[in-house]
Amino acid sequence: MSTTTSNDEDPREPNNCPPLTLNPDLSTERSKATFNPLAITNFIDGSPSATSKRRLLESWIIRDPTGIFSNDDNNYLHRNERHTRALAKFVRLIELCRAAGIGMKHLEGEIIASPEFVTLVNAISDDPFPTSLHWVMFVPNILTLCDAEQQAEWLPLCRDWKMIGCYAQTELGHGSNIRALETTATFLKEADGAAPGGEWVVNSPTLTSTKFWPGTLGKTANHAMVIARLIDGNGQDHGIHNFLVPLRSMDNHTLLPGVETGDIGPKIGYNNMDNGFARFDNVKIPRRNMAMRFAMVDEDGNYKKLAVGGSRKNADDITMMQVRAYIIHSSNDALAMACTIAIRYSTIRRQGYNADNNNEIQVLDYRQQQYRLLPLLAASYAIFFSGKHVLARLKDIENQLVSGSAAITKTVVGDIHATTSALKSYCTSFTADGIEDCRKACGGHGFLVSSGLVELSNTYLQSCTVEGDNYMLPQQVVKVLLKLVGAMQSGDNRLLNDHKGTDMEYLIAPLATLMKQNGGMLPNKSSFVFPTTKGNAQDFLDIATIMKAFQHRSACLLLDVAMQLHSDTAKSSAQKAWNDSLLHMARASRAHASYILLRDFYEGLKEEERKASGSCLGPKEIQVLSQCLTLLGLYWMDQNLDDFLQNQSIAPASIPHLRQAILDVMTILRPNAVSLCDARDYSDFRLKSALGKYDGDVYPAIMESARRDPLNQKSDDGGVGMGYDESLKKLIVGGVGEYKKGLSGTMSRL
């Protein structure tokens, strides 16, 4: 199969070009664009050739002759059928990858390490595959935590899909609190009856120790990377470690002795995935099935930490943070798809009449609809920039850890941990709420599953909980940021120097000023006051000034937490003081995340400006994206106005100017709204939406979806539906419900 095509072609579409017949409203919207949407598409993909390649790969899925990738019937299938069909889709995907030689050139046949694999998985546009945790968590754990000999044994089996694994950490009674996990792996010496070299005996000692929720665990995986308490040969508990535990036979997939696994049952979404439970009853595994890159247990049961670059904790943390970073980055797509559906539909849907009483008004022309949707579209671009930045930074840190670089200090690891925790919490909550707002913005038709927004929302919702609950993560963020406050209070210049180049470096200058001027008073008053030199909306249109306000908001809220903790700890226990500060921590974490998002968006555009002709983005594209950035900053300021009023960085008299500025920027962006959605280049196949079709042919698509419903398909030639003969006929014809005057019932009266 070829993987090249021209950038001005779209092999996903018939005749290699977009539909020629378009809804006139959408055609008009596209004609108003002040920029080239394809230039932004190329930038997001990385280059024009990357766009061409992605489109070609997507066409393999859309035009696959087997038809297995069709999602047309998804809304009408039971989850058992969705699960088994998803397995069939995945097997076909692997067949395509092998036929095309994906992963063969430089990756020794490892499909999942190739960017083409990621593109194809996204193109299939279904709930995650039942196999997903194999490449998201299982293989990365082997690469990060297992030694060279273990990798040499297990990675070829993973590559060839003989070994399919999952990551089994969460337990029925314990989620994020890994210190409380109860599953045990106890070392048994050869002298005590173990196989030569010794064995681990894995047990689930209580009901609450049952592994519960891991994806791929229920029915798909034949191995699991089990997180268990390591009990050495001397009976000493060394805390949690990773163990490769076979679950099922690699010959016929039957469960192995002592292993019980199953699916946990229907969920709000994600129902292709067999999230599972597992219990272990004296399951024996070889000594070498313990991940042994950073620690090992010898044949006599003695535990020993190994001197290698980095540390096991750092390696564990990086793996976890990488998953969070992928969640952050994927949020931009989920939110952008929802915006594409809602904004396209809002240009087609008309409601109410103009002053002439003859022409209906486009819903997107209503200001409240613009306020609902345009900032969400802007945020999708901001999340793209931050997701890209975080993934690149984590990759660099991982490489340096593997090489044993001393440049990766505790401060650096703590900083990226705070960043990924803050962004994961903020971006996923914002995106989940944003998708739901897009659904509501589509009115009654948004309630249809055929809108595409229902499944998009239900599938995405798990992101708010997985890899750290969004209400718990702010504690981890603030723990790290408070160390910076402590370093400043102590005057430790060495520690402060460690913060240079980190994501929290921006806090140093405003914190220093706050500590000097406020004298311990709560709440902290910002040293920065939004300038009002013009006395109108123009005061709020400078993005550098907006970002400065967000810096000071973050610093004030963080110092509020530090001072509140100090004050409360003097009057009560440290635990109570911490608990009473949790709401303040959530605000501080949101402030930190929103500043990082604005900064990454801003710096990303500046970087493209510096590249000049070397960038896919020209001046017009940078201009429209800068307008998105400005709108997003103003929107978040308006939504969190209490923070800015509390720290007095915005005067109450300036609020009308802020809100007028929002109206002004929305007016500028309104003609570009549809084209900013088009720039994301989502095919109709991927959107799966009757409302968000590229050609705008919405109402026929809604009717076609309605007619496909099995309730209609299973009617007879006369239109009689299911349930009539069995039930409804008894009412209408049989007289079950007839009122017969003068007759009393035979049942006892209530």
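Which residue is the bridge partner of Lys 211 in β8? The bridge partner is Ala 278.

This is a predicted model, in which local features need pLDDT of at least 70 and side-chain atom pairs count only at pLDDT 80 or more, while totals for chains, interfaces and linings use all residues. Residues are numbered from 1 along each chain as its sequence is written, and side-chain values use heavy atoms, with hydrogens and water left out.

**The sheet**

Helices (H or I, at least four residues) and strands (E, at least two) are DSSP runs, numbered from the N terminus. Two strands pair if DSSP finds at least two bridges between them. Strands of a sheet pair through backbone hydrogen bonds, either parallel or antiparallel.

Three strands form an open sheet in the order β4-β8-β7, and their pairing is antiparallel. β4 (211-212) and β7 (259-263) are the edge strands, each with a single partner strand, so one side of each has no neighbour in the sheet. β4 is joined by two bridges to β8 (residues 276-280), whereas β7 and β8 pair over five bridges. The table lists residues that face each other across these pairings.

| Residue | Opposite residue in β8 |
|---|---|
| Phe 212 | Phe 277 |

The covered face of β8 holds Gly 276, Ala 278 and Phe 280, and its uncovered face holds Phe 277 and Arg 279.

**Helix α1**

Buried means under 20% relative accessible area, exposed over 50%, and partly exposed in between (1.4 Å probe, protein chains only). Within helix α1 (residues 24-31), the buried residues are Asp 25, Leu 26, Glu 29 and Arg 30. Seen down the axis of α1, these buried residues fall within an arc of 135°, so they line one face of the helix; the arc is that of the directions from the helix axis to the C-beta atoms. An α-helix has 3.6 residues a turn, so residues three or four places apart point the same way. Pro 24 and Ser 31 are exposed, on the face of α1 turned away from the buried side. At the N-terminal end, Asn 23 caps α1, with a side-chain oxygen 2.8 Å from the backbone nitrogen of Asp 25.

**Arg 393**

Arg 393 belongs to helix α9 (residues 367-402). Arg 393 is buried, with a relative accessible area of 16%. Leaving aside neighbours within four places in sequence, Arg 393 is in contact with Val 412, Asp 415, Ile 416, Thr 419, Thr 502 and Asp 503, where contact means heavy atoms within 4.5 Å.

Methods: Polar contact = N/O pair within 3.5 Å; in protein donor to acceptor, adjacent residues only side chain to side chain.
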